[in-house]
Structure formats: structure tokens, C-alpha cells
Amino acid sequence: MALWIILLITIITVFVAVHAVLLPKLFLKVRYAYKNIPDRGLKVVDEANGRSIVYEPDESIKDFINQYIVSERDGKKSFVCKIDGDIRFIDFDIVLFNEKGVSFKVLNVKEIIKNKGYTEVVPLPDKTVYVTVVLNRVNDSHRENRASKHVVLKGVALYILSCALIEILCVFGIKACIGKIYGGLFFESFMYIADTWIFTAVVCAGVIILNVLFTVAVVFIKKKNKKKGEANG
């Protein structure tokens, strides 16, 4: 019995971890939509082991982020900001674009400044061609930005489908564990009689519907907050 109790706890733990961490990280990805990138390249610096490009960010954040540099040295790409010397804490997003000009990832950076006037170096994926910066917070002051931020709908659909599959598997796993813990010799009848299958199907449907409603509500709230931010901006 102890083995089945441990297995039951494991299934519940995996269920929570997959829904709260793994699947959102895989599918609920944030994108920014731009008509024109506001940043401007200032100069290219050729170096012995690579190249660095100095950029000037959007006019609205230049007082905080003066410039930033995207470098490629020894085949590794990186990003660093030159910032105002009074900044002690900064929160910003680095929006990454590939060679087709498509935003493929957003890196969020929250940093307590150690080297006055500069952020820490952030490694970038190899397929990064250029970036833009969205400022979220400076010290204790939150910033509104003009970029449209949204969750990719295809990712939401894949998240819901993946959740549904995991939920069905977990419900059947939990049913089997409960059957072993409480059913004893009646385990097979508990697992296979029609009434328990109907109840299991209802539970599966209920969990899936609740997850869909919760996911849609979260996406809707994020979208509504985004519109408020754009209006305030």
C-alpha cells in the first residue's frame, strides 16, 4: 500500500509541476508586435575575435537606457546595456528577432545593479540577428510601454491540448492508485465496472473544462491589462 500512496503523491506533484511550470514555459510564450523597431544602430566595432554593434534605444527610455551593445565574439552572442548611473534596480525585456525579422523569444531581465552604469552581460541565442528593448521598471517606478504584448494563440491551443492529455493520464493514474489503496481484492471491479468509467469520464471532462476556462481567463486578463497599458501610454 505504501508504494501506491507514494505513487499517488508523485502523480499529483507531477500534475501540478507540469501545469504550473513545464507547459506554460513551452507554450505560453509572450510576443511583442511592432510595426517599426524604434531602436537605431549607431556604429559597428570590428574586433579581433568578433564584432559589436552599438544601438540607441527608443527615445522614451533613453534617459534610463542610454545605449546597448549586441556582440558576437568567438561565435557567442551577448547583450549589455549602458544605463543611467542613478539606477539601482532595473527590469526590462529583450525582444529577440531572427533573420526573417520575426520575434522568436523574449528574455526578461530583473537585475540589482552591481557595476554602476552597466547591466550584466546576457547571453543570446545563436539565431538572434537583432533585438529591441522594452523597459518595465526602474528602481521603484514602473514604466508603461507602447509595444503590443500578447500571448501566441497557437501556443495557447497547444497548451490546452497538452494539458488535456496530461489530465486524462493523471486522472486514470490517480484512479488506479486509489483502487489499489482502498479496493484491495476488489481492484479489478473498481477499475472496470461501467459506473466507475462514467464517473472517471465526468472527472476528466470537469478537469479539462476548468483548465480551459482558467487559461482563457488568464489570457483575457493579460490582454485587457495590455490594452490599459497602451491607453495609459
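How far is the sulfur of Cys170 from the closest cysteine sulfur, and in which residue does that closest sulfur lie? Select Cys170 and Cys204 to see: the sulfur of Cys170 is 9.8 Å from that of Cys204, the closest cysteine sulfur, which is too far for a bond.

Before going on, keep in mind that this is a predicted model, in which local features need pLDDT of at least 70 and side-chain atom pairs count only at pLDDT 80 or more, while totals for chains, interfaces and linings use all residues. Residues are numbered from 1 along each chain as its sequence is written, and side-chain values use heavy atoms, with hydrogens and water left out.

**The cysteines**

With a disulfide taken as a pair of cysteine sulfur atoms within 2.5 Å, the structure holds 0 disulfides. Cys170 is buried at a relative accessible area of 10%, and Cys204 is buried at 7%, where buried stands for under 20% relative accessible area, exposed for over 50% and partly exposed for in between (1.4 Å probe, protein chains only).

**Helix α1**

Next, select residues 2–27, which form helix α1; helices are DSSP runs of H or I with at least four residues, strands are runs of E with at least two, and both are numbered from the N terminus. The 26 residues of α1 reach 36 Å from the first C-alpha to the last, close to the 38 Å expected at 1.5 Å a residue, the expected span being 1.5 Å times one less than the number of residues. Centre the view on Val18, where α1 has a kink of about 45 degrees, the bend at a residue being the angle between axes fitted to the seven residues ending there and the seven starting there. Val18 is among the buried residues of α1, which also include Leu8, Ile11 and His19.

**The aromatic rings**

Rings of Phe, Tyr and Trp (its six-membered ring) pair if their centres lie within 6.5 Å, and planes under 30 degrees apart count as stacked, over 60 as edge-to-face and the rest as tilted. A search of the whole structure finds 4 such pairs. Show Tyr68 and Phe79, whose ring centres are 5.3 Å apart with planes at 35 degrees, so the pair is tilted. Tyr68 lies in strand β4 (residues 65–73) and Phe79 in strand β5 (residues 76–83), so the pair ties together parts that are 11 residues apart in sequence. Tyr68 is buried at 0% relative accessibility, as is Phe79 at 1%. Then move to Phe97 and Tyr130, whose ring centres are 4.9 Å apart with planes at 10 degrees, so this pair is stacked. Phe97 is buried at 4% relative accessibility, whereas Tyr130 is partly exposed at 27%. Finally, select Tyr55, Tyr68, Phe79 and Phe92 together, which ring pairs link into a cluster.
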